[in-house]
Amino acid sequence: MIGVSGTRREIMEIEILQMIKGARKAKGCAVIIDVFRAFSLECYMMAGGAERVLPVGAKETACRLKEEHPDYLLAGERHGAILPGFDMGNSPAQAEKMDLEGKTIIHTTSAGTQGVANARKADIILTGSLVNAKATARYIRKENFPHVSLVCMGLEGKKPAPEDLLCAEYMKSILEERPFDMESELKMLRKDPSVQKFFRKETAEIFPQEDYWLCTMTDRFDFVLQVKALEEDVFETRKI
């Protein structure tokens with residue numbers, strides 16, 4: 001494969017996987033994708049000045065870390081709703097209104113952080129979202145990983161979600177140096193029944209409409225987020 005610079009690249013194997021089962025199969029460079037909303041949120045947290053984010057799988061792990069470090073913030077949800085006693089939910093709109101400068105944030109969700117916790121076969125784990133998709137794909141191309149697993153976490157890690165597949169296909173197009181009509185894809189996504197929760201009054205408290213627009217601001221950020229294991233069920237997200 002010849003890159004745009006004219007230099008020869010090794011052929012990169014790219015696979016798109018789905019949900020928890022896909023995370024468990026992921027190998028090489030695993031990109032755990034959760035557009036609505038976990039890994040969009042982590043980008044907004046970092047852009048808001050957070051020092052680091054600690055993704056965890058179990059809410060019990062999150063609460064234990066909070067007991068050990070009372071100054072840490074708790075962020076997370078189950079079924080979309082903020083967990084009792086947590087400082088914030090899984091909402092980018094909420095994060096943008098908070099002072100996160102220098103903070104460490106413990107983060108647990110129904111899909112995204114579960115994917116991180118289950119990607120045990122991967123050599124390197126990156127988070128994936130539309131808001132930093134191009135930066136992430138360009139980093140992968142630069143590092144020229146031989147195998148890339150794009151894992152679409154879907155709804156609670158159990159049901160496919162169109163926004164995560166859209167992100168995976170977009171990143172794949174960048175890796176393969178193919179054009180991609182994001183404008184048309186986003187128009188189709190906006191009409192999908194699965195995203196209407198962001199536009200209904202009865203679900204606005206859990207899924208504010210602002211979150212939809214913040215999560216679909218494609219390539220807003222130019223940084224990459226890498227996740228590394230610290231201990232059992234505890235990981236650290238940092239900019240690279």
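**Aromatic pairs around Tyr212**

A search of the whole structure, which is a predicted model, turns up 11 aromatic pairs. Take Phe36 and Tyr212: their ring centres sit 5.6 Å apart with the planes at 40°, so this pair counts as tilted. It's a link between distant parts of the chain, with 176 residues separating the two partners. Phe36 comes from the loop between strand E2 (28–33) and helix H2 (38–47), while Tyr212 belongs to helix H9 (residues 209–215).

**Tyr212 and its other partner**

- Tyr212 also pairs with Phe199, this time edge-to-face, at 5.1 Å centre to centre and 65° between the planes.
- Phe199 lies in the loop between helix H8 (182–191) and H9, and Tyr212 in H9 itself, so this pair ties together parts that are 13 residues apart in sequence.
- Both Phe36 and Tyr212 also belong to one aromatic cluster, along with Phe198, Phe199, Phe207 and Trp213.

- Phe36 is at 12% relative accessibility, and it counts as buried because the cut-off is under 20%.
- Phe199 comes out at 21%, so it is partly exposed.

**Lysines over rings**

- Phe207, one of the cluster members, has Lys197 over its face, at 4.7 Å from the ring centre.
- Over at Phe223, Lys239 lies over the face of the ring, 4.6 Å from its centre.

Note on methods:
Residues are numbered from 1 along each chain as its sequence is written. This is a predicted model: local features need pLDDT of at least 70, side-chain atom pairs count only at pLDDT 80 or more; totals for chains, interfaces and linings use all residues. Side-chain values use heavy atoms; hydrogens and water are left out. Rings of Phe, Tyr and Trp (its six-membered ring) pair if their centres lie within 6.5 Å; planes under 30 degrees apart count as stacked, over 60 as edge-to-face and the rest as tilted. Helices (H or I, at least four residues) and strands (E, at least two) are DSSP runs, numbered from the N terminus. Buried means under 20% relative accessible area, exposed over 50%, partly exposed in between (1.4 Å probe, protein chains only). A charge sits over a ring if NZ of Lys or CZ of Arg is within 6 Å of the ring centre and within 35 degrees of the ring normal.
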